[in-house]
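Hello,

Here is the structure I promised to pass on. My notes on what turned up in it follow below.

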Amino acid sequence: MHDVKKNDPQSKIKSLPIMLFAGTMGLGGLCVAYKKLSEIFDLPGEIFSALRALDCTVFCLLLAFYFFKLLKFKEEVKAEFLHPIKINFFGGFIISLFLLALAYKDAPRLYYSLFYAALGLQTIFTLYVISFWIDEKFDIAMLNPAWFIPVVGNLLIPIIAEKSQAIWYYFSLGLFFWIILFAVIFYRLVFCDKLADKFVPTLVITLAPPAMAFLGYVKLTEQFDAFAAILLNINVFFAALILFSYKRFIKLKFALSWWAFTFPTAASSIAFLKAYEITQSDFYLVLGVGAFAVLVASILMVGFLTIKSIINGEIFSEK
């Protein structure tokens, strides 16, 4: 056992939550969404460089702190890795790595290093998580949309990778398990106890799978066909549903799960902007720009509240 005082820096490292990587997912999504927006409106590249540097800095700092936690407090890391909800956010670390690779695609050596590191981790992590779900017994009340994170990370791979037949493997896995998980999670939401308040923001994660599936499918097939339209319209529906249910969110007390507002919103913005590029429909342009505005507001608000919680030490006691 490690003898650390409550306010000692090591105590804070010991309690450092893996869920913080949801923040780097949001920042990475912001970088990619801004890049897509700048291609349409010819916005300054310096802003993208600044956002990319911020994302990289935050990711490296968080990775360094969590690696220190792994070295000093292995049992605490193991407990998170075996937790039915917290394990999903290790997938957030991998997705953050993918997004950094995409942000640095103009630097080939760095891009390939980050991409292949993330690809290896995603391949192994998907196999582990599926076997973990099969081997363990879970109460259905533990289910929430955060369970999408480990498997739909596969949907991000076709968006980032160079097109090849091998990439279809990851697209297929992501699509298959998104559909299966959605059916189970929807059953849990409708027929079981309501989500705890701190998990309500994870409902926004439902935006990410159809948006990423749309982007990957359009890239792999090079066409905007009926299936692509179905995927995009599913995303439109969930965006409308979340807006329609806004009262569910406005009275929530801040928790790290609020970062769930960010990456899915970024994925939606990128999908809508891509649809605009293909169709030249102003409808998709309005949706894409609107989603980007919501993304920026969300990151500013949640980022401020996260920093405040870190300073106050509240984040290190969050369960």
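Is Y112 buried or exposed, or partly exposed? With a relative accessible area of 32%, Y112 is partly exposed (buried means under 20% relative accessible area, exposed over 50%, and partly exposed in between, using a 1.4 Å probe and protein chains only).

Before the rest, a word on the source. This is a predicted model, in which local features need pLDDT of at least 70 and side-chain atom pairs count only at pLDDT 80 or more, while totals for chains, interfaces and linings use all residues. Residues are numbered from 1 along each chain as its sequence is written, and side-chain values use heavy atoms, with hydrogens and water left out.

Now the aromatics. Searching the whole structure gives 32 aromatic pairs (rings of Phe, Tyr and Trp, the last by its six-membered ring, pair if their centres lie within 6.5 Å; planes under 30 degrees apart count as stacked, over 60 as edge-to-face and the rest as tilted). One of them joins Y111 and F115, a stacked pair with 5.9 Å centre to centre and 15° between the planes. Both residues belong to helix α6 (residues 108–135) and lie four residues apart, about one turn of the helix. Helices here are DSSP runs of H or I with at least four residues, numbered from the N terminus. Y111 is buried at 3% relative accessibility, and F115 is buried at 3% as well. Y112 and Y116 are stacked too, because their ring centres are 6.1 Å apart and their planes at 15°. About one helical turn separates Y112 from Y116, since they are four residues apart in helix α6.

One aromatic cluster is made up of F21, F59, Y66, F81, F90, F93, F125, Y128, F132, W133, F138 and W147.

Next, a helix pair. Helix α9 (residues 208–221) packs against helix α12 (residues 262–279) at an angle of about 35°, with the axes 8 Å apart (axes are lines fitted to C-alpha atoms, for helices over the stretch in contact, and angles run from 0 to 180 degrees between N-to-C directions). Among the residues that meet there are M212, F214 and L215 in α9 and F263, I270 and K274 in α12 (contact means heavy atoms within 4.5 Å).

Finally, S257 sits in the loop between α11 (247–250) and α12. S257 is buried, at 9% relative accessibility, and touches K198, F199, P201 and T202, leaving aside residues up to four places away in sequence.

Best wishes

Terms used. Helix = DSSP H or I, 4+ residues; strand = E, 2+ residues; numbered from the N terminus.
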